[in-house]
Amino acid sequence: MSAIRIEGLTKSYGSRRVLVGLDLTVAAGECFTLLGPSSCGKTVLMRLLAGFDTPDAGRIVIDDTVVADAGVHVPPDRRGIGMVFQDYAVWPHMTVRDNVAYPLKIARFSAAERQERTQAAIAQVGLAGLEQRLPAQLSGGQQQRVALARALVSKPALLLLDEPLNNLDANLREEMCFEIRELQQRLGITVIYVTHDQEIALAISDRLAVMDETGCLRQIGAPSELFDHPVDAYLYRFLGVANFIPLRKVARAWRLPDGSTEWVGRPPERGGDHITAGFRPHDVLLCRAGEGLPGIVRRASFLGSQVDYLIEVGGMTLRAATDSRHAQGDGQMFRDGEACRLGFHTLQWFDEVWPEGNAIGAAHA
């Protein structure tokens, strides 16, 4: 297992600055995920960790070994790292066994040790019995397992996974996600996983870091911490479907964007006239009468286990979701055009600049 320490890492390509003074520590044996939008610098960071590129400034320490610093660059094959890419990168003319054994062949392991390690790695990823097949005879998930076995065969202390499940269909992606997590826990290996998929990041991680478009780390922590207690609206929006209602204080009343609908309840006192309520679709409580914000159902979509609603409220369109069985039992199934009332299980509060609901602000409990 390897602990990773990154200090002041900076990297530019021409005039484009990708990473600026990035600091990050990953504990030994941890499954750590870098989550962020495309082109935010996630893959650049992985290439710097792997040794495929060199930083402009800063240092990288793996365990107690400095692998990148001013005047220091340990090559990839001496960093004790395994890596799996998005496009599998398996050789089409080689069998499963030959693909997996290739790193050991390059490293000049004996034939006996190559055979033993290769077979063990193939068994670890559930491909025993398929050793003689070519990649063209395998499914996408099986090809990804070949790539994973090849990364593990050298017994690396650190495994880098760069969007490894992107090319798989949704069901297989979910299955492979949990298989990777189980394998990581069984082997006790340190994993850094890069993805833009929030569900994978939340499911697989001990901790995760969210990067924004500028390459900055917005927040680092356990998945539940980031999901339930985001530091700002950017995090809240990025980690799932989010609704935002910007409120403005008018003569002691808080009003929605249409200027006439009054907020039910009292927002936290922040000393200003603008604040934004954030909530998930499942945080919405729908009823036909009583207290709550008045709304009109513009679209009701039955999705099996849940009903997804698009609701017009106070000059805005919001998403709501309810459990279809409970809604049917309570007589709370709504149709297009029906009036409703909205309450909320939980709310996050953000400081925002009126009336821009997409502004980034600080979160408050």
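Asp206 is partly exposed, with a relative accessible area of 30%. On this scale buried means under 20% relative accessible area, exposed over 50%, and partly exposed in between, with a 1.4 Å probe and protein chains only. The model is predicted: local features need pLDDT of at least 70, side-chain atom pairs count only at pLDDT 80 or more, and totals for chains, interfaces and linings use all residues. Residues are numbered from 1 along each chain as its sequence is written, and side-chain values use heavy atoms, with hydrogens and water left out.

Asp206 sits in the loop between H6 and strand S10 (207-211). Helices (H or I, at least four residues) and strands (E, at least two) are DSSP runs, numbered from the N terminus. Contact here means heavy atoms within 4.5 Å. Neighbours within four places in sequence aside, Asp206 is in contact with Gly29, Glu30, Cys31, Arg181, Gln184, Ala222 and Pro223.

Which side chain joins that of Asp206 in a polar contact of 2.6 Å? The partner is Arg181. A polar contact is a pair of N or O atoms within 3.5 Å; within protein, one must be able to donate a hydrogen and the other to accept it, and residues adjacent in sequence count only if both atoms are side-chain atoms. The side chain of Asp206 also has a polar atom 2.8 Å from the backbone nitrogen of Cys31. Val284 is 78 residues from Asp206 along the chain, and their C-alpha atoms are separated by 29 Å.

**The six-stranded sheet**

Six strands form an open sheet in the order S7-S8-S9-S3-S10-S11, with mixed pairing. Strand S7 (81-84) and strand S11 (217-221) stand at the edges; each has a single partner strand, so one side of each is left without a neighbour in the sheet. Neighbouring strands are turned by 15° against each other on average, direction ignored.

Two strands pair if DSSP finds at least two bridges between them. Strand S8 (residues 158-162) pairs with S9 in the parallel sense over five bridges. Leu158 stands opposite Thr190 in S9. Helix H4 (residues 140-152) packs on the sheet and touches S7 and S8; its direction makes about 170° with that of S7. Axes are lines fitted to C-alpha atoms, for helices over the stretch in contact, and angles run from 0 to 180 degrees between N-to-C directions.

Thr195 lies in strand S9 (residues 190-195). Is Thr195 buried or exposed? Thr195 is buried, with a relative accessible area of 1%. Its side chain makes a polar contact of 3.4 Å with the side chain of Glu163. Neighbours within four places aside, the contacts of Thr195 include Thr33, Lys42 and Ala201.

**Antiparallel strands**

| Strand pair | Bridges |
|---|---|
| S1 (residues 4-13) and S4 (residues 57-62) | five bridges |
| S4 and S5 (residues 65-69) | three bridges |

Ile4 stands opposite Ile62 in S4. Val61 has Val66 in S5 as its bridge partner. The hairpin of S4 and S5 has two residues between the strands, and Asp63 there takes a positive phi near 55°.

**Nonpolar cores**

A nonpolar core is a set of buried Ala, Val, Leu, Ile, Met, Phe, Trp, Tyr and Cys residues joined through side-chain atoms within 4.5 Å. The largest has 34 residues; Val100, Leu148, Leu159, Leu161, Leu165 and Tyr193 have the most contacts inside it. H4 supplies the largest share of this core, six residues. Leu165 is in contact with residues including Gln144, Met176, Tyr193 and Ile200. Apart from this core lies another of 30 residues, among them Leu49, Ile60, Leu158 and Leu160.

**Aromatic pairs**

Rings of Phe, Tyr and Trp (its six-membered ring) pair if their centres lie within 6.5 Å; planes under 30 degrees apart count as stacked, over 60 as edge-to-face and the rest as tilted. The count comes to ten aromatic pairs. Tyr236 and Phe244 are edge-to-face, with 6.0 Å centre to centre and 75° between the planes. Tyr236 is buried at 3% relative accessibility, and Phe244 is buried at 8%.

Tyr236 and Phe350 form a tilted pair, 5.5 Å centre to centre with 50° between the planes. This pair links distant parts of the chain: Tyr236 is in helix H8 (residues 233-238) and Phe350 in strand S20 (residues 348-350), 114 residues apart. Ring pairs also link Trp263, Phe279, Phe344 and Trp349 into a cluster.
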